[in-house]
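Thanks for coming, everyone. I'd like to walk you through a new model today, so let me put it up on the screen.

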Amino acid sequence: MVRQERSERTRRNLIRAASTVFDQAGYERATLAAISDRAQVTKGALFFHFAAKSDLARAVQAEACVRSDAALVKLARRETPAFETATAMAHTLVGLLETDMTVRAGAHLAREIRTPDDPSLHCHLNWLDALYRILDRARNDGSLLPGVDVRAAAVLMLSMITGTTALPRLPVGPAGPGPSGPQPPLPPRHASGLRFPRENGDLWLTRMLHLTRPALSDLPAG
């Protein structure tokens with residue numbers, strides 16, 4: 001029993017280490033040596049659990065789906081208008097992409113490597129399925145506007161969620177009114193002319209939902 005627990009701890013440690021390396025270096029540049037070094041285990045211990053880098057990638061993807069799916073299932077139990085639950089799911093996923101290394105790595109891997117169309121491995125399919133189901137519920141409870149294409153609405157929400165990961169160094173926009181009142185002016189460019197102060201992905205999502213909400217629901221913004 002002790003040996004089994006130690007083996008499971010090593011496996012979890014390797015998945016955490018692989019998540020960090022895949023997130024920082026990408027799949028192609030990640031090496032098993034870098035992963036074993038970060039996990040502080042020998043290569044022999046790594047190969048005992050994972051025969052190849054692709055096996056580690058699959059383990060990271062599976063763990064990312066487990067973690068994000070647990071959060072989505074919890075939200076789906078809410079007794080609130082389903083469209084509000086859908087927006088809560090979107091904010092939760094953006095938060096996980098910003099704070100959970102494994103979820104972020106799993107989502108990146110889904111784009112970097114060929115991944116089976118399996119929601120237990122492919123984060124984006126997992127999230128799309130959850131969004132579709134909750135938006136279909138919103139159609140039934142009336143919180144989604146009549147005539148809205150549920151599949152297209154789910155894809156739109158997923159696109160906004162994944163899009164926030166590409167936007168964190170862009171400015172929010174020029175001065176002017178917005179969903180939260182007057183906005184600050186654009187910050188000055190960095191000396192390189194390329195970087196802006198980091199903006200929170202959840203803020204981007206809030207603004208995108210503010211623009212798209214009237215086409216999807218007539219519920220007042222929460």
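A word on the ground rules. This is a predicted model, so local features need pLDDT of at least 70 and side-chain atom pairs count only at pLDDT 80 or more, while totals for chains, interfaces and linings use all residues. Residues are numbered from 1 along each chain as its sequence is written, and side-chain values use heavy atoms, with hydrogens and water left out. When I say helix, I mean a DSSP run of H or I with at least four residues, numbered from the N terminus.

Okay, helix H7, residues 123-141.

Now look at what is buried in H7: Cys123, His124, Asn126, Trp127, Ala130, Leu131, Ile134, Leu135 and Ala138. Buried means under 20% relative accessible area, exposed is over 50%, and partly exposed is in between, using a 1.4 Å probe and protein chains only. Those residues cover an arc of only 160° around the axis, which puts them on the same side of H7. That arc is taken from the directions from the helix axis to the C-beta atoms. And what do they pack against? Helices H4 (53-76), H5 (82-99), H6 (101-112) and H8 (150-163). Just after H7, Gly142 takes a positive phi of about 85°.

On to the cores. In soluble globular proteins, nonpolar side chains tend to be buried together. A nonpolar core here is a set of buried Ala, Val, Leu, Ile, Met, Phe, Trp, Tyr and Cys residues joined through side-chain atoms within 4.5 Å. The largest one has 35 residues, and among those with the most contacts inside it are Phe83, Trp127 and Leu131. H5 gives the largest share of this core, 10 residues. Apart from it lies another core, of 21 residues, including Phe22 and Phe50.

Let's zoom in on Phe83. With contact meaning heavy atoms within 4.5 Å, and leaving out residues up to four places away in sequence, Phe83 touches several residues, including Leu135, Leu144, Met157 and Arg213.

Keep Arg213 in mind, please. It forms a salt bridge with Glu84, the closest N and O atoms being 2.3 Å apart. Arg213 sits in helix H9 and Glu84 in helix H5, so this pair ties together parts that are 129 residues apart in sequence. Is Arg213 buried or exposed? Buried, with a relative accessible area of 14%.

A salt bridge, to be clear, is a side-chain nitrogen of Lys or Arg within 4 Å of a carboxyl oxygen of Asp or Glu. The structure holds seven of these. Another is Arg67 with Glu63, at 3.0 Å between the closest N and O atoms. Both lie in helix H4, four residues apart, about one turn of the helix. Together with Asp100, they are linked in a network of salt bridges.

Last stop, the loop between helix H2 (32-39) and helix H3 (43-49), where we find Gln40. Gln40 has a positive phi of about 60° although it is not a glycine, and it is exposed, at 73% relative accessible area.

That's the tour. Who wants to start?

Notes: Helix = DSSP H or I, 4+ residues; strand = E, 2+ residues; numbered from the N terminus.
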